[in-house]
Amino acid sequence: MAGAFGFKGCQKIRGPQIRKLLEAKDFILFDCDGVIWHGETAITGAAKVVSSLIRHGKNVVFVTNNCTRPRENYVHKFYRLGFTDVMLEQIFSSSYCSALYLRDVVKVRGQVFVMGCDGMRRELEEAGIPCVEEADEPGATIYDCALAPDVKAVLVGHDDKLTFLKLAKASCYLRDPDCLFLATDNDPWHPLSGGRILPGSGALTAALEVSSGRKATVIGKPSRFMFDCISSQFRGVDPAQCLMIGDRLEVDMLFGSNCGFDTMLTLTGVSQLKEAQEYRDSELPANHRLVPDYVVDSIADFLSAFEEQEEQGEQGN
């Protein structure tokens, strides 16, 4: 892995170097949680960074494995947190990309059983994909509940209302070898305040993989399919002109590596510099794919690069 300046991984860069890097890129891809915001609090300076990138003519897109809300809700959240320049077309969530995969790639002909949240269902419905209705009698069990006919896919994502019955039903549907097994993403967990964690979609997928004896096709990062979705909507995207900015080595940096992007780790989220350096120094070649080309403390570090660029522009005038 080598960045635009020929450095070999984990290069911590600042103002002038950031400016040169941004000048060399047309597409800037951001993860959201831990990069743009923490929950309902924007990362300091993030809104100004996004606005400045757009103002300087960069194509900015947001690539998130968070499948809990439909894209229109993301637009509302961006606006609520001060990101007033973000449009629906710039947002690519794992639930939205799962809907595109089912509709446009496999062209599913039948119902989809969703082991996930309402946001996933809404994205599928927007794409015209029928979902199995959950209408079990109180006290129903896998021994006596109804199983829907014509289920052609099981889609697993974040589900804070997961029940044993849902897991059992999904396992039954997957006994049909023609029933697709998809996961929105494979994130194992998400950080909460106070040192607590929230099990991610990957934890639920793992349970279903064990019970079904099958492996899921993962749609979200680090799968390349999310980039395919972007390429289908933004013509002429060149991976060499893309910069992926994220906070998880095993997800965001690997996604960038899989797609041929330069990658940047921001230290406002899950992964830290020491972990990246350990991967860089590892003897296992596979670990090198998790190493970022560049590292910044926060995307707020971009602001000084913009200020220098604007000062040079004023001097040129």
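1. A135 is exposed, at a relative accessible area of 65%. The model is predicted, and A135 sits in the loop between α5 and β8. C145 lies ten residues from A135 along the chain, and the two C-alpha atoms are 9.6 Å apart.

2. Overall make-up. Eleven helices and 15 strands form the chain. The radius of gyration is 21 Å, close to the 20 Å that the globule rule gives for 317 residues, so the chain is as compact as a globular protein of that length. The C-alpha trace spans about 75 × 45 × 40 Å along its principal axes. Buried residues account for 50% of the 317. Of the contacts between residues at least 6 apart in sequence, 73% join residues at least 24 apart.

3. The seven-stranded sheet. This sheet is open, its pairing is parallel, and its order reads β1-β15-β14-β13-β2-β5-β6. The edges are β1 (11-12) and β6 (91-93); each has a single partner strand, so one side of each lacks a neighbour in the sheet. Helix α3 (residues 71-80) packs on this sheet and touches β5 (59-64) and β6. The direction of α3 makes about 125° with that of β6.

4. Pairings around β13. Strand β2 (residues 27-30) pairs with β13 (residues 242-246) in the parallel sense, over four bridges. Within that pairing, I28 stands opposite L243. Four bridges also join β13 to β14, again running parallel. There, I245 has M264 of β14 as its bridge partner.

5. How enclosed is β14? Five of the five residues of β14 (residues 262-266) are buried, so the strand is largely enclosed by the rest of the structure. In a regular strand, side chains alternate between the two faces of the sheet. In β14, D262, M264 and T266 point one way, while T263 and L265 point the other way. Both sets are buried.

6. The four-stranded sheet. A second open sheet has the order β7-β8-β9-β12, also with parallel pairing. Its edges are β7 (111-115) and β12 (217-218), each with a single partner strand, so one side of each has no neighbour in the sheet. Five bridges join β7 to β8 (residues 151-156), and the two run parallel. V112 stands opposite A153 in β8. Helix α5 (residues 118-126) packs on the sheet, touching β7 and β8. The direction of α5 makes about 160° with that of β7.

7. Helices α4 and α8. Two packed helices are described by the angle between their axes and the distance between the axes. Here the axes of α4 (residues 94-105) and α8 (residues 225-233) come within 10 Å and cross at roughly 75°. That makes α4 roughly perpendicular to α8. On the α4 side, the contact is made by S94, Y96, C97, L100, Y101 and V105. On the α8 side, the residues are F225, M226, C229 and Q233.

8. What covers α8? In this helix, F225, M226, F227, C229 and I230 are buried. The cover over the buried residues of α8 includes β2, β5, β6, α4 and α9.

9. D252 deserves a look. This residue lies in helix α9 (residues 249-259). D252 has 1% relative accessibility, so it counts as buried. Leaving aside residues up to four places away in sequence, D252 touches D31, K221, M244, G246 and D247. Of these, K221 also takes part in the cis bond of the next point.

10. Backbone points to check. Most residues other than glycine have a negative phi, and most peptide bonds are trans. A cis peptide bond joins K221 and P222, with omega about 10°. P222 is placed in the loop between β12 and α8. C10 is not a glycine, yet its phi is positive, at about 60°. C10 lies in the segment before β1 and counts as buried at 9% relative accessibility. K107 also has a positive phi, near 50°. K107 lies in the loop between α4 and β7 and is partly exposed, with a relative accessible area of 45%.

Definitions and conventions: Residues numbered from 1 in each chain as written. Predicted model: local features only at pLDDT ≥ 70, side-chain atom pairs only at ≥ 80, totals over all residues. Heavy atoms only, no water. Pairing = 2+ DSSP bridges. Contact = heavy atoms within 4.5 Å. Axes fitted to C-alpha atoms, helices over the stretch in contact; angles between N-to-C directions. Buried < 20%, exposed > 50% of the residue type's maximum accessible area, 1.4 Å probe, protein only. Rg over C-alpha atoms; globule rule 2.2 N^0.38 Å. Parallel < 35°, antiparallel > 145°, perpendicular 65-115°, else oblique.
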